[in-house]
Amino acid sequence: MIKIIIFYLLNIICETYLFYKTIFTFFSQMDHNYLSWLIEDAKETFIGLRNLKKLSLANNKILFIKKEAFSGLDNLDELNLLQNNVLEIQDEAFKYMPNLEYLYLNSSSLVCDCSMSWLKQPNIIENLPFDYINAFCGFPEKNKGKNLKEISLTDFSCLENSPKPMIIFHPESKMVLERQNITLKCGVNSSSTEKINFVWKKDNHDLESISTNHYSTFEFNGMTQFSVLNLYNISMSQSGKYQCVASNEFGITYSNRSVLSVVVYPFFAKVPGNSSVKTGLTAKLECAANGYPAPQISWQKDGGTDFPAAQERRMKVMARDDVFLIVDVKLVDMGIYSCTAKNVAGMIAANATLNVLEPPWFKSEMSNKQVRVGEEVVLECLSYGSPKPKIKWMKDGVSLTLSNRHFFTAENQHLVIMEANTDDSGTYQCEITNSLGVNSQKVDVLVMPLYRSLIHEYTLGVVVIVIIMCIIIISAIWVLFVYKAKRPSSNLINSADNKSLDSSNSKDSGTGESTKRSQEQLFNESLNACEKMNNNVGNLSPEINLPLLTHASVILGENSVKYKHSHTASPVQSSTTETHETVEDQIKCVNISEKSCSIPVPLPSKTQDLPSIVQQSNSHDCLHDPTIKPC
């Protein structure tokens, strides 16, 4: 049933639309409607009515036909302008109606000056249907009362001072606040002394019951008259386009349209309020404003546009709901937020404080302290929270009070103890409190007496010294081990010793270098030979100490070390056999003795001028064991 009703309604609407479309397509009658503004000042009024055939505008008080008044009427063949006292027709006003066959026009007040001469142009007069035109000139005097058809082209001359009104001062566009007063002014020139008729229009309609004030002043080239439109306590309904229309018996003129914009100063519909939010939750701020034009809403934090929440993508603006949101609130979001509403009329702002609540917490843990008597103790308790927590210090469960040695700094975050003594030792507690909770942490402070601190320091020094000594001993053992590992075998030493002895007995360069080198080698070789000897006798002697030999010759044997003391400066290159026999007569070491063998060593003589190879002393001394007599 509902579908049937809807169907019939749509049918009626379509039929009505087609009916009116048909009427306006073929015939449009708009007589007696005071539609003069459609022809005098409007543009492209009939655009879209290309199929219109007949148009009647009789008795509409039309005084002036504008050039573009009939644009769009391409197929119009009949135009009725009867009972309109037309004063002026602009150039080519009928060119947009190429198919016009019937033009009904009657007027007795045409201003037949040079502005109307276009009607007498051959291409115009031949195409216009003058058979239905009954128009007479009203000005100038030479053409007054003459029929438009009878006046020649030369009679349409221009006048130096025209009585037709001409706008010289157009009303200005203005923007005003609601409930203010406004004034619009229009100035017109005319050579006629007659009073000009002013009409004010708003959106192409004559203004009624509007206070106006008219006044006129004279100028050298004629009379200039002004009309002033006063609007009091203006409202939004008075916004629009205002126009001044000036006319006299010689013509009519329209001023430019001035746009009067009535704006409304912004005012808040929702004012943001102060709020307190715990960290991690969502903060909500509301702000809405009205005005004309509609104001734009913007937010600021602490007077700037730096929003930590925006940088971290935690800020959301719900434009439709007039809500400003901050999710996962942090301490950095706390501050003063300003809502600003702005339009062309002005700007307003409202502030709201966002308090972020956070339980008290410590930035870092306190560490135990150990100091000596007389030193300074500083305990640091860095706390955070919102509201800002209160700090309380306690020692062994008892609240601390200020004294000449105990004081607090940095808003009680630092406890300073000057010239600490043993009584200051104990457990110190820092307790922080705000409206959301309590938190605390403890630290032990030990103030050592002087003797304990010295013992502590000395003990530490001894430990360091022991560690260093251990390192040195281990290093020495390691060096000895490396040295033993790299020492050559005894056979190689014997061979090297024999070669060295032969070399020392055979070489004589005359420079002394060869002799010096042989002594050093002999010393080293004697050490190795003695060690070998001691090993062969059953390791009876652990070590052999020898002084530096300066004036002796060394002969190595299988089981002993024998020294030859030279009485002369003869070289040592004598045969080994002879030397061996001489030494056996004087020195003999018993290689089967249970004690270590004593090695006779010639004592150095006081005379040092002889060559180092010559022995000058006959005395001997036994080394290594003083209980053993010289061999």
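These legends describe an overview and close-up views of one predicted model.

The model counts local features only at pLDDT of at least 70 and side-chain atom pairs only at pLDDT 80 or more, while totals for chains, interfaces and linings use all residues. Residues are numbered from 1 along each chain as its sequence is written, and side-chain values use heavy atoms, with hydrogens and water left out.

**View 1. The whole protein.** The protein has 8 helices and 38 strands. Both are DSSP runs numbered from the N terminus: helices are H or I with at least four residues, strands E with at least two. Of its 631 residues, 38% count as buried (under 20% relative accessible area, 1.4 Å probe, protein chains only).

View 2. Two strands pair if DSSP finds at least two bridges between them.

**View 3. Strand 19 beside strand 23.** Strand 23 covers residues 323-326 and is joined to strand 19 by 4 bridges. Glu 286 stands opposite Val 323 in strand 23.

View 4. Asp 31 lies in the loop between strand 1 (27-29) and helix 2 (36-40). Asp 31 is buried yet has no salt bridge (a side-chain nitrogen of Lys or Arg within 4 Å of a carboxyl oxygen of Asp or Glu). The nearest side chain of opposite charge, Lys 54, is 12 Å away. The side chain of Asp 31 makes a polar contact with that of Ser 56, at 2.6 Å (a pair of N or O atoms within 3.5 Å; within protein, one must be able to donate a hydrogen and the other to accept it, and residues adjacent in sequence count only if both atoms are side-chain atoms).

Conventions: Buried < 20%, exposed > 50% of the residue type's maximum accessible area, 1.4 Å probe, protein only. Lys, Arg positive; Asp, Glu negative; His and termini not counted.
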